[in-house]
Structure formats: structure tokens, C-alpha cells
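Student: I am new to this structure. Please take a close look at one position in it, and then carry on from there in one connected account.

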Amino acid sequence: METPIPDAPPNAEQIEYWNGAVGLRWLTYNDWLDERTAAYGRAAFAAAAPRPGEAVLDIGCGAGATTFELARAVGRDGSATGIDISAPLLGRARERAAALGLAVEFLEADASRPPFAPQRFDLLFSRFGVMFFDDPVAAFAELRKTLKPGGRIAFACWQEPRLNDWYELPLTAIAHLVERAPVDTRQPGPFAFSDPGYTREVLTAAGFAQIELAPFATPFYLGRGATREAMADDAMEQVFRVGPVARLLEARGEELNAAARDAIRAALLQLADDDGLEVGGAIWVVTARAG
Ligand SMILES: C[S@@+](CC[C@H](N)C(=O)[O-])C[C@H]1O[C@@H](n2cnc3c(N)ncnc32)[C@H](O)[C@@H]1O
């Protein structure tokens with residue numbers, strides 16, 4: 001990770017990241033990603049238990065799938081707002097809301113500086129959208145101020161990499177070709193809250209209480225298709241477009257990329273069976289209350 005530029009706004013690197021090529025790639029794969037992450041979102045949603053009439057904020061809402069679920073749960077007497085830094089993903093979210101006829105508000109803003117009146121929300125929710133803050137304590141402290149007294153937060157974040165095959169498997173397959181840096185779980189990224197002790201520290205320092213982390217694990221289909229080869233091809237698409245391998249192999253030359261493709265495809269093929277190509281995924285469902 002590069003050293004932040006002095007005086008750059010908070011999360012400048014992430015704002016660039018989610019508005020650049022990655023944001024556009026996520027658009028292409030959004031339906032695919034929505035399907036793969038649905039079960040994890042449902043686990044966090046069950047813990048959040050949104051009720052009719054509540055005001056909820058979906059942090060890092062992306063293209064809005066979970067914001068729509070929240071809107072349906074709180075109904076006409078409630079409100080669902082999505083906040084994200086990615087203009088392309090929010091563009092898709094607004095299109096989808098219009099097509100669904102749902103009254104949902106989407107805001108392009110940094111959630112670490114939430115542009116809301118204090119005590120506006122009953123519930124803060126997120127599916128994998130809170131792991132990207134430069135200063136998580138400051139961000140969560142600001143977000144806490146937007147909660148009504150006794151208001152709650154519930155979010156899904158990944159557990160450690162070794163429990164997440166979707167991340168580990170392709171990297172292990174190319175370990176002989178490319179050296180990988182160890183995951184720094186204190187830096188913004190998918191594993192920023194994989195260490196439960198650290199998550200508790202951050203939320204406590206940000207003024208939250210009754211912090212609980214519930215593990216939830218379920219496999220998902222990384223690849224689908226009529227044949228094992230088609231399943232592996234489907235999985236390869238994703239592995240090479242979004243995620244750690246795409247980042248690691250960027251600008252590494254065609255020869256290395258070709259060798260990496262062969263190695264990963266061989267590893268993926270071994271996982272394919274009649275139903276699809278399944279990989280493990282494990283998250284924490286984190287819940288807390290405004291202290
Ligand atoms: C892994 S994606 C998850 C998107 C969505 N929640 C979903 O489940 O499909 C992470 C999202 O967090 C957003 N994000 C990252 N940092 C953010 C910040 N500081 N404020 C608001 N959104 C942020 C990104 O733009 C991206 O849409």
C-alpha cells in the first residue's frame with residue numbers, strides 16, 4: 001500500500017480505486033457478485049432485523065442489492081438510504097431502484113464523513129462495505145453519531161484469508177510463480193476486520209457497546225456451467241477480473257499471466273463436480289449498539 005499523499009482527503013486511495021477500472025469491472029460482474037454474496041448478506045440482515053418504520057443506512061451499498069432488501073423490510077413508513085463513494089456503482093443502484101419502483105435514496109459520499117443530521121438512523125447496515133476506511137475508529141465514531149440513542153449496527157465482513165478459499169485457492173495455485181505479500185489485516189481491504197479482537201477495539205473506541213461477532217460460513221459457487229470445463233472458465237473470469245489475483249498479476253507480462261492461468265485453471269478443475277465449482281467462504285456477522 002502506498003503512503004497516503006499528505007493533505008489528501010481521507011480514503012482518497014479507495015475513492016480512486018472504486019471509481020476507476022475496479023468500479024467499472026464490478027459493474028460488469030455485479031449480478032454475479034450479488035448472487036455469490038447473497039447468503040452472507042442474508043446472515044447479516046437476519047442479525048440486523050430491520051423493522052417496519054425504521055430509518056436505515058446501508059454503508060458502502062455498491063449497486064444497492066441490500067439497500068433494496070432493507071427498503072422492503074422497513075416499508076413505506078420507514079426509509080432506506082445507501083451511501084457509497086463509487087459513482088459507477090451508485091449509477092447502477094439508481095437504475096435498479098427505478099426499475100423496481102422502490103423509494104430508496106442513494107448518496108455519493110464518504111461514509112467516514114456521513115452527511116446526515118445526528119441521530120437520524122435506527123440501524124446502520126453493511127454487506128462488505130465497511131472494511132475500507134483509512135481511519136476506522138474515526139469513521140465508526142462519525143457513523144455512530146448518526147444513530148438514535150440505542151440504535152444498532154450490523155455488518156458482514158470476511159474472516160481470515162485461510163478460511164476463505166475464494167481468496168486463498170488461486171493465490172496458492174500460483175505461489176510458485178509470484179511472491180505474495182502477507183495480508184496486512186490492519187490496512188483497508190477485504191480482511192480489515194478479520195481479527196475479532198481488533199474489531200472489538202475499533203468499535204469500542206468509536207463508542208459502540210454490546211459488540212458481538214458471530215461466525216457464519218457457507219460455500220458458494222465460484223463457477224457454474226454445463227461441464228466441468230465451463231465451470232472452471234466461469235470461475236476464471238471472476239478470478240482474473242476482481243480480487244487479489246487480478247491485482248497481483250497486473251502489469252506482470254503475458255508469459256507469467258499465461259502460466260498463472262494454467263495453474264489456476266488446473267486447481268479450479270479439481271473442485272468442479274456435477275453441481276458446480278464450490279469454494280468456502282467465512283464471515284463475521286458483527287453487531288453492536290450505540291453506547
Ligand atoms: C466489496 S464492495 C460491497 C458492495 C455492496 N455492499 C455489496 O455487497 O454488493 C465495497 C463497497 O464499499 C464502498 N466503499 C469503500 N469505501 C467507502 C467509503 N469510505 N464510504 C462509502 N463507501 C465506501 C465501495 O465503493 C464498494 O461499493
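Tutor: A residue is called buried if its relative accessible area is under 20%, and exposed if that area is over 50%. The model is predicted. The position to look at is serine 112, in the loop between strand 3 (105-108) and strand 4 (121-127). Its relative accessible area is 10%, so serine 112 is buried. The side chain of serine 112 makes a polar contact of 3.1 Å with the side chain of asparagine 11. Apart from neighbours within four places in sequence, the residues in contact with serine 112 are Pro10, Asn11, Phe133, Ala139 and Glu142.

From here the account turns to aromatic rings. Two rings pair if their centres lie within 6.5 Å, and the count for this model is 21 aromatic pairs. One of them joins phenylalanine 140 and phenylalanine 193: the centres are 5.8 Å apart and the planes stand at 70°, which is over 60, so this pair is edge-to-face. The two residues are 53 apart, and the pair links distant parts of the chain. Phenylalanine 140 belongs to helix 6 (residues 136-145), whereas phenylalanine 193 lies in the loop between helix 7 (165-173) and helix 8 (196-205). Phenylalanine 140 has a relative accessible area of 0% and is therefore buried. Phenylalanine 193 is buried too, at 2%.

Another pair is made by tyrosine 167 and phenylalanine 191, with centres 4.6 Å apart and planes at 80°, so it is also edge-to-face. Tyrosine 167 sits in helix 7 and phenylalanine 191 in the loop between helix 7 and helix 8, 24 residues apart. Both tyrosine 167 and phenylalanine 191 are buried. These two belong to one aromatic cluster, which is made up of Tyr40, Phe128, Trp158, Trp166, Tyr167, Phe191, Phe216 and Phe220.

The charged end of arginine 36 sits over the ring of tryptophan 32, 3.6 Å from the ring centre. Likewise, arginine 261 places its charged end over the ring of phenylalanine 240, at 4.4 Å from the centre.

The last stop is helix 2 (residues 21-28), where Val22, Gly23 and Leu27 are buried. Around the axis these residues cover an arc of only 145°, which means that they lie on the same side of helix 2. Among the elements that cover the buried residues of helix 2 are helix 1 (12-19), helix 3 (30-48) and helix 5 (87-100).

How values were computed: Residues are numbered from 1 along each chain as its sequence is written. Side-chain values use heavy atoms; hydrogens and water are left out. Rings of Phe, Tyr and Trp (its six-membered ring) pair if their centres lie within 6.5 Å; planes under 30 degrees apart count as stacked, over 60 as edge-to-face and the rest as tilted. Helices (H or I, at least four residues) and strands (E, at least two) are DSSP runs, numbered from the N terminus. Buried means under 20% relative accessible area, exposed over 50%, partly exposed in between (1.4 Å probe, protein chains only). A charge sits over a ring if NZ of Lys or CZ of Arg is within 6 Å of the ring centre and within 35 degrees of the ring normal. The arc is that of the directions from the helix axis to the C-beta atoms. Contact means heavy atoms within 4.5 Å. A polar contact is a pair of N or O atoms within 3.5 Å; within protein, one must be able to donate a hydrogen and the other to accept it, and residues adjacent in sequence count only if both atoms are side-chain atoms.
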